[in-house]
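Biologist: I would like to go through this model with you. Could we take the salt bridges, then the sheet and the aromatic rings?

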Amino acid sequence: MTLENSTPPPGRSAEWAAALAQAFGEMLGRPPAEHGDADARYGAYYGGNFLDEAELDHDPVWVGRAALAGEETVEPGHLLLTPPGDTAETELVFDASRSLFWVDPRELPDTLAAFGVDLAAAVAESESGQWRGALLGADLGRIAGHHGVDLASADLPRELWTLWQGRIASGDTLLDALCAATGLTAATSPELVPAGLGDSADEVEEEAHELVAGVADPALRDYLAAFCDEESHDLALVRFAPADDEDDQDGDGDDDGDGDFDDADFDHDDDYDDYDESQGGTVVVRWDGAVDQYEVTVRRVIA
(Lines give C-alpha, C1' and ligand atoms only; values in the text may rest on other atoms or scores of the structure.)
Protein backbone atom coordinates (compact mmCIF):
# COMPACT_ATOMS: atom_id res chain seq x y z
CA MET A 1 0.00 0.00 0.00
CA THR A 2 1.26 3.49 -0.76
CA LEU A 3 0.24 6.87 0.54
CA GLU A 4 -2.49 8.47 -1.53
CA ASN A 5 -0.83 11.84 -0.96
CA SER A 6 2.49 10.64 -2.39
CA THR A 7 1.34 11.29 -5.96
CA PRO A 8 -0.24 14.40 -7.48
CA PRO A 9 -3.98 14.59 -6.84
CA PRO A 10 -5.80 12.67 -9.60
CA GLY A 11 -8.07 15.60 -10.41
CA ARG A 12 -5.31 18.14 -11.09
CA SER A 13 -5.56 19.07 -14.75
CA ALA A 14 -2.71 20.45 -16.81
CA GLU A 15 -4.45 23.81 -16.91
CA TRP A 16 -4.83 23.96 -13.13
CA ALA A 17 -1.23 22.86 -12.61
CA ALA A 18 -0.14 25.69 -14.90
CA ALA A 19 -2.27 28.16 -12.93
CA LEU A 20 -0.72 26.98 -9.66
CA ALA A 21 2.79 27.18 -11.09
CA GLN A 22 2.14 30.72 -12.32
CA ALA A 23 0.81 31.72 -8.90
CA PHE A 24 3.72 30.28 -6.97
CA GLY A 25 6.11 31.83 -9.49
CA GLU A 26 4.72 35.24 -8.54
CA MET A 27 5.27 34.42 -4.86
CA LEU A 28 8.80 33.07 -5.29
CA GLY A 29 10.03 35.59 -7.82
CA ARG A 30 10.63 33.01 -10.55
CA PRO A 31 8.67 30.01 -11.90
CA PRO A 32 8.95 26.73 -9.99
CA ALA A 33 10.39 25.12 -13.13
CA GLU A 34 13.48 27.31 -12.76
CA HIS A 35 14.32 25.83 -9.35
CA GLY A 36 16.68 22.92 -9.95
CA ASP A 37 16.59 20.43 -12.82
CA ALA A 38 13.61 18.45 -14.03
CA ASP A 39 14.51 15.48 -11.81
CA ALA A 40 14.92 17.50 -8.59
CA ARG A 41 12.81 16.39 -5.63
CA TYR A 42 11.23 18.60 -3.00
CA GLY A 43 9.37 18.30 0.28
CA ALA A 44 7.46 20.50 2.72
CA TYR A 45 8.41 20.13 6.39
CA TYR A 46 6.84 21.28 9.65
CA GLY A 47 9.09 21.95 12.64
CA GLY A 48 9.80 24.35 15.46
CA ASN A 49 9.34 25.01 19.17
CA PHE A 50 5.66 24.17 19.20
CA LEU A 51 6.36 20.49 18.61
CA ASP A 52 8.38 20.34 21.82
CA GLU A 53 6.18 22.63 23.91
CA ALA A 54 3.07 20.64 23.07
CA GLU A 55 5.00 17.34 23.41
CA LEU A 56 3.91 16.43 19.92
CA ASP A 57 7.49 15.53 19.04
CA HIS A 58 7.11 12.40 21.19
CA ASP A 59 3.57 11.46 20.20
CA PRO A 60 3.58 7.68 19.48
CA VAL A 61 1.43 8.28 16.40
CA TRP A 62 4.62 9.16 14.52
CA VAL A 63 6.31 5.80 15.08
CA GLY A 64 3.62 3.23 14.42
CA ARG A 65 4.87 0.43 12.17
CA ALA A 66 2.50 1.27 9.30
CA ALA A 67 3.25 5.00 9.55
CA LEU A 68 7.03 4.54 9.41
CA ALA A 69 6.62 2.09 6.53
CA GLY A 70 4.69 4.71 4.55
CA GLU A 71 1.52 2.62 4.53
CA GLU A 72 -0.65 5.19 6.26
CA THR A 73 -0.58 8.90 6.91
CA VAL A 74 -0.30 10.65 10.28
CA GLU A 75 -2.98 13.18 11.22
CA PRO A 76 -2.11 14.59 14.68
CA GLY A 77 -5.04 17.00 14.66
CA HIS A 78 -3.03 19.69 16.47
CA LEU A 79 -0.74 20.88 13.68
CA LEU A 80 -2.34 23.61 11.62
CA LEU A 81 -1.48 26.29 9.13
CA THR A 82 -2.79 29.53 10.62
CA PRO A 83 -2.67 32.30 8.03
CA PRO A 84 -4.27 35.62 8.99
CA GLY A 85 -7.70 36.93 8.22
CA ASP A 86 -10.63 34.82 7.09
CA THR A 87 -8.49 32.12 5.50
CA ALA A 88 -9.49 28.80 7.02
CA GLU A 89 -6.99 26.95 9.20
CA THR A 90 -5.71 23.84 7.44
CA GLU A 91 -5.19 20.62 9.39
CA LEU A 92 -2.01 19.01 8.09
CA VAL A 93 -1.50 15.40 7.03
CA PHE A 94 1.99 13.92 7.37
CA ASP A 95 4.18 11.18 5.93
CA ALA A 96 6.10 9.73 8.88
CA SER A 97 8.25 7.55 6.62
CA ARG A 98 9.87 10.67 5.16
CA SER A 99 9.79 12.74 8.33
CA LEU A 100 13.03 13.34 10.23
CA PHE A 101 13.89 12.14 13.73
CA TRP A 102 16.69 12.75 16.19
CA VAL A 103 17.75 9.47 17.80
CA ASP A 104 19.63 8.90 21.06
CA PRO A 105 20.20 5.19 21.83
CA ARG A 106 22.52 5.74 24.81
CA GLU A 107 19.93 4.96 27.49
CA LEU A 108 18.70 1.72 25.99
CA PRO A 109 18.77 -1.31 28.30
CA ASP A 110 21.39 -3.98 27.74
CA THR A 111 18.77 -6.29 26.26
CA LEU A 112 18.46 -3.88 23.32
CA ALA A 113 22.18 -3.27 22.89
CA ALA A 114 22.25 -4.62 19.33
CA PHE A 115 19.37 -2.33 18.40
CA GLY A 116 21.30 0.58 19.86
CA VAL A 117 24.42 -0.31 17.87
CA ASP A 118 22.49 -0.32 14.61
CA LEU A 119 20.81 2.98 15.45
CA ALA A 120 24.15 4.58 16.31
CA ALA A 121 25.64 3.34 13.04
CA ALA A 122 22.74 4.82 11.07
CA VAL A 123 23.13 8.15 12.85
CA ALA A 124 26.87 8.18 12.16
CA GLU A 125 26.24 7.50 8.48
CA SER A 126 23.70 10.32 8.37
CA GLU A 127 26.16 12.81 9.87
CA SER A 128 27.90 13.29 6.53
CA GLY A 129 24.70 13.41 4.51
CA GLN A 130 21.93 15.89 3.89
CA TRP A 131 20.24 15.59 7.28
CA ARG A 132 23.36 15.80 9.46
CA GLY A 133 22.58 13.05 11.93
CA ALA A 134 18.80 12.93 11.68
CA LEU A 135 17.15 9.72 10.47
CA LEU A 136 14.34 9.33 8.00
CA GLY A 137 11.32 7.63 9.55
CA ALA A 138 11.59 4.79 7.05
CA ASP A 139 15.14 4.02 8.22
CA LEU A 140 14.15 4.27 11.87
CA GLY A 141 11.25 1.91 11.27
CA ARG A 142 13.35 -0.54 9.30
CA ILE A 143 15.94 -0.84 12.08
CA ALA A 144 13.26 -1.16 14.75
CA GLY A 145 11.46 -3.83 12.73
CA HIS A 146 14.67 -5.80 12.24
CA HIS A 147 15.10 -5.98 16.02
CA GLY A 148 11.42 -6.47 16.80
CA VAL A 149 11.23 -3.19 18.75
CA ASP A 150 7.96 -1.32 19.19
CA LEU A 151 9.02 2.32 19.14
CA ALA A 152 5.67 3.37 20.62
CA SER A 153 6.28 1.34 23.77
CA ALA A 154 6.21 3.31 27.02
CA ASP A 155 9.05 1.07 28.28
CA LEU A 156 11.59 2.69 25.97
CA PRO A 157 13.57 5.79 27.04
CA ARG A 158 11.60 8.91 26.14
CA GLU A 159 14.52 10.53 24.33
CA LEU A 160 15.23 7.48 22.16
CA TRP A 161 13.49 9.28 19.32
CA THR A 162 12.29 12.85 18.84
CA LEU A 163 10.45 14.18 15.82
CA TRP A 164 12.46 17.04 14.34
CA GLN A 165 10.77 17.79 11.00
CA GLY A 166 7.40 16.34 10.00
CA ARG A 167 7.17 15.83 6.23
CA ILE A 168 3.78 17.05 5.02
CA ALA A 169 2.36 14.34 2.77
CA SER A 170 2.74 15.17 -0.91
CA GLY A 171 4.40 14.17 -4.12
CA ASP A 172 8.03 15.01 -4.89
CA THR A 173 7.73 17.93 -7.31
CA LEU A 174 8.23 21.51 -6.19
CA LEU A 175 4.62 22.22 -7.13
CA ASP A 176 3.47 19.33 -4.90
CA ALA A 177 5.56 20.62 -1.99
CA LEU A 178 4.32 24.19 -2.38
CA CYS A 179 0.71 23.02 -2.48
CA ALA A 180 1.29 20.92 0.65
CA ALA A 181 2.93 23.84 2.48
CA THR A 182 0.02 26.16 1.72
CA GLY A 183 -2.84 23.74 2.29
CA LEU A 184 -3.70 23.40 -1.39
CA THR A 185 -3.02 19.68 -1.86
CA ALA A 186 -6.71 18.86 -2.14
CA ALA A 187 -7.52 21.92 -4.28
CA THR A 188 -7.61 20.18 -7.64
CA SER A 189 -9.57 22.98 -9.30
CA PRO A 190 -10.27 26.67 -8.69
CA GLU A 191 -13.60 25.77 -7.12
CA LEU A 192 -11.84 23.82 -4.35
CA VAL A 193 -9.47 26.60 -3.25
CA PRO A 194 -10.24 27.37 0.43
CA ALA A 195 -11.86 30.66 1.34
CA GLY A 196 -9.49 33.60 1.02
CA LEU A 197 -9.09 36.77 3.02
CA GLY A 198 -12.54 38.17 2.36
CA ASP A 199 -13.34 41.15 4.58
CA SER A 200 -10.01 40.72 6.39
CA ALA A 201 -7.89 41.60 3.37
CA ASP A 202 -6.86 44.84 5.06
CA GLU A 203 -5.19 42.84 7.85
CA VAL A 204 -2.53 41.72 5.39
CA GLU A 205 0.25 44.12 4.39
CA GLU A 206 -0.13 45.85 1.04
CA GLU A 207 3.16 44.36 -0.10
CA ALA A 208 1.67 40.88 0.27
CA HIS A 209 -1.16 41.71 -2.09
CA GLU A 210 1.31 43.25 -4.52
CA LEU A 211 3.39 40.06 -4.52
CA VAL A 212 0.53 38.02 -5.95
CA ALA A 213 -1.15 40.77 -7.97
CA GLY A 214 -0.17 38.96 -11.15
CA VAL A 215 -1.96 35.73 -10.22
CA ALA A 216 -4.63 35.22 -12.84
CA ASP A 217 -7.16 33.19 -10.85
CA PRO A 218 -8.98 35.49 -8.37
CA ALA A 219 -9.73 32.79 -5.76
CA LEU A 220 -6.13 31.61 -5.79
CA ARG A 221 -4.84 35.19 -5.66
CA ASP A 222 -6.97 36.00 -2.61
CA TYR A 223 -6.03 32.79 -0.82
CA LEU A 224 -2.28 33.04 -1.42
CA ALA A 225 -2.14 36.68 -0.34
CA ALA A 226 -2.42 35.42 3.25
CA PHE A 227 0.78 33.41 2.70
CA CYS A 228 2.74 36.39 1.35
CA ASP A 229 2.82 38.73 4.35
CA GLU A 230 6.40 39.04 5.55
CA GLU A 231 5.27 40.98 8.65
CA SER A 232 2.48 38.65 9.77
CA HIS A 233 2.40 37.40 13.38
CA ASP A 234 0.28 34.47 12.23
CA LEU A 235 2.25 33.07 9.31
CA ALA A 236 5.09 35.19 7.95
CA LEU A 237 6.68 34.57 4.56
CA VAL A 238 10.47 34.21 4.41
CA ARG A 239 11.80 34.01 0.86
CA PHE A 240 15.33 32.86 0.13
CA ALA A 241 17.63 34.00 -2.63
CA PRO A 242 17.84 31.13 -5.12
CA ALA A 243 21.15 29.45 -5.85
CA ASP A 244 22.39 29.61 -9.44
CA ASP A 245 22.21 25.96 -10.49
CA GLU A 246 24.22 26.60 -13.66
CA ASP A 247 27.18 27.64 -11.52
CA ASP A 248 26.87 24.61 -9.23
CA GLN A 249 29.92 22.55 -10.02
CA ASP A 250 29.82 19.98 -7.24
CA GLY A 251 26.11 19.42 -6.55
CA ASP A 252 26.19 21.17 -3.20
CA GLY A 253 24.61 24.43 -4.35
CA ASP A 254 27.87 26.41 -4.47
CA ASP A 255 30.31 26.81 -7.33
CA ASP A 256 33.66 26.72 -5.58
CA GLY A 257 33.56 23.26 -4.03
CA ASP A 258 34.24 24.44 -0.49
CA GLY A 259 30.71 23.88 0.83
CA ASP A 260 30.34 27.55 1.78
CA PHE A 261 27.80 29.93 0.32
CA ASP A 262 28.67 33.51 -0.52
CA ASP A 263 27.31 36.38 -2.54
CA ALA A 264 28.87 35.04 -5.72
CA ASP A 265 26.73 31.91 -5.58
CA PHE A 266 23.37 33.52 -6.20
CA ASP A 267 21.61 36.64 -7.30
CA HIS A 268 20.43 38.78 -4.42
CA ASP A 269 17.27 40.81 -4.22
CA ASP A 270 16.36 43.10 -1.36
CA ASP A 271 13.18 41.09 -0.79
CA TYR A 272 15.06 37.86 -0.11
CA ASP A 273 16.77 36.56 3.01
CA ASP A 274 20.23 35.05 2.62
CA TYR A 275 20.47 31.57 1.14
CA ASP A 276 20.20 29.04 3.95
CA GLU A 277 21.01 25.34 4.15
CA SER A 278 21.49 25.22 7.91
CA GLN A 279 18.82 22.55 8.43
CA GLY A 280 19.65 20.35 5.48
CA GLY A 281 18.62 20.66 1.87
CA THR A 282 18.29 23.66 -0.37
CA VAL A 283 15.68 25.94 1.15
CA VAL A 284 13.26 27.42 -1.38
CA VAL A 285 10.82 29.23 0.89
CA ARG A 286 9.72 29.20 4.54
CA TRP A 287 6.79 30.40 6.59
CA ASP A 288 7.26 31.30 10.26
CA GLY A 289 4.10 30.70 12.24
CA ALA A 290 2.80 32.14 15.50
CA VAL A 291 5.80 34.44 15.99
CA ASP A 292 8.50 31.81 15.42
CA GLN A 293 6.73 29.01 17.28
CA TYR A 294 6.69 26.82 14.19
CA GLU A 295 7.90 26.94 10.63
CA VAL A 296 6.87 25.32 7.38
CA THR A 297 9.83 24.93 5.03
CA VAL A 298 9.95 23.84 1.40
CA ARG A 299 13.36 22.49 0.46
CA ARG A 300 15.03 20.48 -2.23
CA VAL A 301 15.86 17.01 -0.94
CA ILE A 302 18.14 14.16 -1.87
CA ALA A 303 15.88 11.45 -0.45
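Biologist: Is Arg98 buried or exposed?

Modeller: Arg98 is buried, with a relative accessible area of 15%. Buried means under 20% relative accessible area, exposed over 50%, and partly exposed in between, using a 1.4 Å probe and protein chains only. Please note that this is a predicted model, in which local features need pLDDT of at least 70 and side-chain atom pairs count only at pLDDT 80 or more, while totals for chains, interfaces and linings use all residues. Residues are numbered from 1 along each chain as its sequence is written, and side-chain values use heavy atoms, with hydrogens and water left out.

Biologist: Which residue forms a salt bridge with Arg98?

Modeller: Asp172 does, with the closest N and O atoms 2.5 Å apart. A salt bridge here is a side-chain nitrogen of Lys or Arg within 4 Å of a carboxyl oxygen of Asp or Glu. Asp172 lies in the loop between β6 (161-168) and α6 (174-181) and Arg98 in the loop between β3 (90-91) and β4 (100-103), so the pair links parts that are 74 residues apart in sequence. Helices (H or I, at least four residues) and strands (E, at least two) are DSSP runs, numbered from the N terminus.

Biologist: And how many salt bridges does the structure hold?

Modeller: It holds 11 salt bridges. Another of them joins Glu230 and Arg239, whose closest N and O atoms are 3.8 Å apart. Arg239 is buried at 6% relative accessible area, whereas Glu230 is partly exposed at 36%. Through shared partners, salt bridges also join Arg41, Asp95, Arg98, Arg167 and Asp172 into one network.

Biologist: Turning to the sheet, what is the strand order?

Modeller: The order is β5-β4-β6-β1-β9-β8-β7, an open sheet of 7 strands with antiparallel pairing. Its edge strands are β5 and β7 (235-239), each pairing on one side only. Two strands pair if DSSP finds at least two bridges between them; β8 (residues 282-289) and β9 (residues 294-301) are joined by 7.

Biologist: How many aromatic pairs are there?

Modeller: The count is 8 aromatic pairs. Rings of Phe, Tyr and Trp (its six-membered ring) pair if their centres lie within 6.5 Å; planes under 30 degrees apart count as stacked, over 60 as edge-to-face and the rest as tilted. The Tyr46 and Tyr294 rings have centres 4.9 Å apart and planes at 10 degrees, so this pair is stacked.

Biologist: Which residues form one aromatic cluster?

Modeller: Tyr46, Trp62, Phe94 and Tyr294 do. Both Tyr46 and Tyr294 are buried.
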